[in-house]
Amino acid sequence: PTTVYLADYTPFGWRIEDVHLTFRLAPHATRVLARIHFAPCQLAPQQEFFLHGEELRLIGAKIDGQEVTPEVTDKGLTCAVPAGRFLWEAEVEIDPANNTALEGLYMSGGMYCTQCEAEGFRKITFYPDRPDVMATFTVRIESAMPVLLSNGNPGASGDGFAEWHDPWPKPAYLFALVAGDLRNHPDSFTTKSGHKVDLNIWVRPGDEGKCAFGMQALKASMTWDEDVYGREYDLDVFNIVAVDDFNMGAMENKGLNIFNSSCVLASPETSTDDNFERIEAIIAHEYFHNWTGNRITCRDWFQLCLKEGLTVYRDSQFTSDMRGPEVKRISDVIDLRARQFPEDQGPLSHPVRPESFQEINNFYTATVYEKGAEVIGMLKRLVGDDDYARALDLYFDRHDGDAATIEDWLKVFEDVTGRDLSQFKRWYSQSGTPRLSVSEAWDNGTFTLTFEQHTPPTPGQADKLPQVLPIAVGLLNPNGDEVVPTRVLEMTEAKQSFDFTGLSARPVASILREFSAPVVLERDADPQQRAFLLAHDTDAFNRWEAGHILARDCLLAMIRDGATPDTAWLDGLETVLRDSTLDPDFRQMLVALPSQSELAQALHEQGSTPDPDAIYDAVMTLRLFMAERWADLLPKLAEEARVTAPYQPDAEQTGKRALGNMVLGLLTHTDGGAAAQAQFDSADNMTLQLAALANLIRADKAKAALAAFYDQWKDDRLVMDKWFGLQVGAADPGKAVEVAKALTAHEKFDWTNPNRFRAVFGGLIGNHAGFHRKDGAGYALLADWLIKLDDKNPQTTARMCSAFQTWTRYDSGRQTHAKAALERIMAKPNLSRDVNEMVSRILA
Ligand code: HT7
Ligand code: ZN
């Protein structure tokens, strides 16, 4: 496989003036006719050009009306071209019905749809399929399907055809087409400057009742982007289409967003509160791409974080505004540590802006997205809110219509603030999670914090330079009052001290408030100090963090030394739990224990070999201990968590139900599943029903409930995904592999559907002790199915290979099994480039 390097970037030699595409749709023989005007750039004129093209049957090609015979390979075509401007015409035939990779034009549930990011357009027609080639598109679709959609504004339409014109120049990865028997949920939005936009969510017949929430989220996003970033929508229509077979969550195609149906369809009966929140965030994310991604796109795929990091940052600001900043920040950090930290500390570690790749699809990662967003959060903290706003305005003014780079992005900040951001730029080029240690000194009214930063080596990067770290710190007096409010310390050296003077008593420091930098903070605080912060910190994140570390240390001591649970911490936690002035969601987050894989990671970092079974046992022991100790508190919390008003997926009700389900989880350890059964029987929404079912599975009392749930929901594809996933995810670890195996034989297990495949195998991977079973059965089963899926869908297969990224953490027996599974995948004949790259990196 060839490796592509950032350093090798060269511009394309031609400008595209316009693109006209005609699609004659047929499941196995769609014809695509392209008419494209090319004009040479100022570069030295070239005599031939190369157009990407894969899995295309060339019917014929012309230049300026004269037939030509290009040289065609499995990657594209090369053709002699005139020195000046010319018209390229080509007709190709493609086979959407047999396109199981779900890239390019494919069929899902009888409808035609497209996915062109990153390099799918080359499966539709021959084209310079690179993001820096931007053009206006006019599209004609010929088909008997009743609904025919493409990007931009609608043009002429009639019996069996529709035309669309997109006036905004765009790269090919934003092209989209949909044709099907669809129903719409219509609405409209009037922009601040008075432009009326027609909004539609298009779904399969029967799903019309699940669109209202998505539409509300879309309108909220449009308003928010006007209010907060001053960005208005720029077409007459905005269409969203729900598709069942989709490799990722959603896609921001200009004016025609395509969504995995799981990321847009919602109803209280079929969707959990978490689903609602995720849908709201994804709709916002895709909508925000209209400016950060579409109007300003990426010069090349190495700049992916330019649009993804910024858009994730924007969608997290939006969710913060909609649902409350504290809980959002805590859940973002939980997610970052669960997905990005293991990636950045293992064999798949790469910079936020990678410097090489074999398959770009493998770089749509937590590092590019979530660490990319953290980097923007740090930049904003360093320059302040006002300069951030000024820099963004300048970015939109200066780069509208551009295919830009990270250098362009940083330059607007430099120009606005006069700062030199060359050291800050290391956040984009250095991989790995910095470790930040801190020591404290107290001398006669002066409190000194001394920090040291160090980033361990990562693949291809042995030595690291110090990075700029914004460290938000506040100081508390021994009586719990805040004596120094949050101050941002700007660390630039490997070792650096900061003084706080004029204090009357030695304070307790609250360090890295709001998790102001994506680092591992190494702090030798004693448990009393942590308990103090849990009780008094005014920073919600650090208050949660103090409780989280106490919980983690308690579990680690139980696992390592067989210690009994730390009652001092539990008493401190109980005081917080009893404080009904605190947000219910915040309180339930405090009780949620660290995940089993986080514990495995912590043990590994401390130099011990994690035993997944011992970790599982410790967590279960502690949960039982909490349930018994809080026997009188839990019913009180359950009462506080009760929602009597009609279901709303808002922050208030969501927080209460989360608290109630946390209580149910603990109660199930002592009541044998009685409360879970009662909740299952009376539930009128999916949040309560699914939590009850999960607890019945854990109590081994789920036979009847699983059958009833199946009976109730067997015709709902998205709820069936939950039914599949939960049985494996919540299974006793000793049984998870067998449960997964049995489910793969179920008549509703359609393994070519990514959502269903991910439900079962994502469930298995999430069942820590079940997946990392000592005899290697978890690894072997996953490998069997990845080998099978690779021929159909390399992109989804490759993404799921990352389940193996932590394999060297475990004991030699497990390592042997994991390695054998990985080597078996590597040995598969015709292994895809996607999977080959992932497994090679994991094994390196
Ligand atoms: N920009 C999109 C990323 C993407 C994608 C989406 C669906 C299927 C395949 C895909 N490949 C890349 C989604 C986003 O980040 O908003
Ligand atoms: Zn995105």
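## A helix pair, then a sheet

Start at the crossing of α11 and α12: α11 passes α12 in a left-handed crossing. Keep in mind as you click around that this is a predicted model.

To get both helices on screen, select residues 567-578 for α11 and residues 584-591 for α12. Their axes sit 9 Å apart and the packing angle is about 165°. Anything over 145 degrees counts as roughly antiparallel, so α11 runs roughly antiparallel to α12.

Now show side chains where the two helices touch. On the α11 side, pick L573, V576 and L577; on the α12 side, pick R587, L590 and V591. What kinds of residues make up this contact of α11 with α12? Five are nonpolar, one is charged and none is polar.

Next stop: the sheet. Switch to cartoon view and look for an open sheet of eight strands with mixed pairing. Walking across, you go β6-β5-β9-β3-β2-β12-β15-β14. Select 66-68 for β6 and 153-158 for β14, and you have the two edges. Each of these edge strands has a single partner strand, so one side of each is left without a neighbour in the sheet. On average, neighbouring strands here are turned by 20° against each other, direction ignored.

For one residue pair to zoom in on, take A61 and its bridge partner in β6, V68.

Conventions
Residues are numbered from 1 along each chain as its sequence is written. Chains are lettered from A and ligands numbered from 1 in the order in which they are written. This is a predicted model: local features need pLDDT of at least 70, side-chain atom pairs count only at pLDDT 80 or more; totals for chains, interfaces and linings use all residues. Two strands pair if DSSP finds at least two bridges between them. Helices (H or I, at least four residues) and strands (E, at least two) are DSSP runs, numbered from the N terminus. Axes are lines fitted to C-alpha atoms, for helices over the stretch in contact, and angles run from 0 to 180 degrees between N-to-C directions. Angles under 35 degrees count as roughly parallel, over 145 as roughly antiparallel, 65 to 115 as roughly perpendicular and the rest as oblique. A crossing is left-handed if the near helix is turned anticlockwise from the far one by less than a right angle, and right-handed if clockwise. Two residues are in contact if their C-beta atoms, placed from the backbone, lie within 7 Å. Ala, Val, Leu, Ile, Met, Phe, Trp, Tyr, Cys and Pro count as nonpolar, Asp, Glu, Lys and Arg as charged, and the others, Gly among them, as polar.
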